[in-house]
Amino acid sequence: MSLHSARVAALLAWVNSTKVCPDPLKDLSQLQDCSVFIRIIHKIHGSKEGESVLDQPLPERISFIHGFLQKHCRHKLAAENLVSAQKLLDGEELALAKVAVLLLYHTSMSCKNPGDWNEFDYKTQVELALILKFVLDNEECLNENLEPFLQRKAESSSSSTSSSSFEEHSPLSPLPHKRDVHFLELQRISSFPSTNLPSTPSSPMGDIMQTPQFQLRRLKEQLVFERENREELEVEMAENHKLIMEKDAQITMMQQRIDRLVKLNEKQAEDQLEPKEMEELREKNESLVGRLHEAFRQCQDLKTEKAQMDRKINKLSEENGDLSFKLREIASNMVQLQRALNELSEEHNTAMAQSEEKQRQLEKELHAALQDKKCSEEKIEILQGKISLLEDQLAKLEECSTQEKGEVMGDVLKLEELKQEVSSLTAKGMRLEEEKQQLDSLVTSLQNSLSESHRARERLKRDLQAQAAEGQA
């Protein structure tokens, strides 16, 4: 199965952004000698730990990369199981893409200043953010899920869905059309500044790196790094302590030998030894004294270094304890705020659905009432025309004979009935107008209730944002 073209393009764009190769890469096959990966590792750590490996054959380069991934990427499975050395040796593009994914993840986690993500276009940022989110969500089963994720074909529907998951919830977009909560809707809380007024929308990569999930994972990575650093210092201190003990033993042995030589010199002086033998003993004595002084100096240096390491370990222990306490406190607060935000979101979505249904019903009733009122007004206009016509006829009757008046009595009665009907309609119209005003009032009340629910949810989001910002600090 071919690789996901958009994700491969995003990974190559990130590799090019590291500026470790003179010319931009256009294809994964250009990574098969693994030299670019080694240069990226050098740049991440700011050291030349594996510079000599660049001059070694490809199997030694792959072994170095395996060792780095296994030591620093901290996944449950060993690097050998996640990235096959044989497939890297064969230049398989899927294996090269896996290494690029892991280095992208490690760089994002370990670097304090990962760079300006705005140098990438929006589509590339979306794909890079999806890759980071996938690794975060699949750390326990990355070996099973990474290959399908990188091999998934880029379909037009999936691409549009990936982009819309960011665009739907950007700070300048309207309310989301869907009721589902996407992975960034609740997690990109800290993507805005601490003020309540959002400025320009942040990038997708900036958003994913400011989520509570990413920040908590970064804090855990720092804790693990500090713990391992402390363990390495403790091992080094133990070795230095052992060396000091050995030096002390050597000094004791030399002191004993010097004492014996002094006594021997005194005895030989008493026995009046030959000048040549005395000179040899004096040279040996001076050599031993020089070695003793050197041993004393080395011992003193080791003791000074041990004291410095003790202070550094104590400082690391204090920082480790503070960081652990802060991590637990932030995690607890975030869990509580996340739970409250989820509950409020569910209530908001339910209230939104109910209010929309109620509003549709009220609008339907309002429309029917308006239609009824319109029909009544038209009927009243027709009847008023008839009434005017009959009133004209009655005025003429006053000039006619009594016989003619009797003949048109039926029209008079017809006229009275029309007046009563008109009166019954100008009353029905008033009732309809009152009902319209009541419906308008209900619609306004519903809109105010929805606005208050939205403001409550935004306040809770800002609280969660503040907690995430504190965790980042």
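Which side chain meets that of Lys98 in a salt bridge?

1. The side chains of Lys98 and Glu147 form this salt bridge, with an N to O distance of 2.8 Å (a salt bridge is a side-chain nitrogen of Lys or Arg within 4 Å of a carboxyl oxygen of Asp or Glu). Lys98 belongs to helix H6 (residues 93-110) and Glu147 to helix H8 (residues 142-151), so the pair ties together parts 49 residues apart in sequence. Helices are DSSP runs of H or I with at least four residues, numbered from the N terminus.

2. This is a predicted model, in which local features need pLDDT of at least 70 and side-chain atom pairs count only at pLDDT 80 or more, while totals for chains, interfaces and linings use all residues. Residues are numbered from 1 along each chain as its sequence is written, and side-chain values use heavy atoms, leaving out hydrogens and water.

3. Lys98 is buried at 6% relative accessibility, whereas Glu147 is partly exposed at 25% (buried means under 20% relative accessible area, exposed over 50%, partly exposed in between, with a 1.4 Å probe and protein chains only).

4. A salt bridge also joins the side chains of Arg7 and Glu127 (3.4 Å, N to O). The pair links distant parts of the chain, from helix H1 (residues 5-17) to helix H7 (residues 122-137), 120 residues apart. Arg7 is buried at 8% relative accessibility, and Glu127 is buried at 5%.

5. Within helix H12 (residues 275-397), Glu357 and Arg360 lie three residues apart, about one turn of the helix. Their closest N and O atoms are 2.6 Å apart in a salt bridge. Glu357 is partly exposed at 45%, as is Arg360 at 47%.

How values were computed: Helix = DSSP H or I, 4+ residues; strand = E, 2+ residues; numbered from the N terminus.
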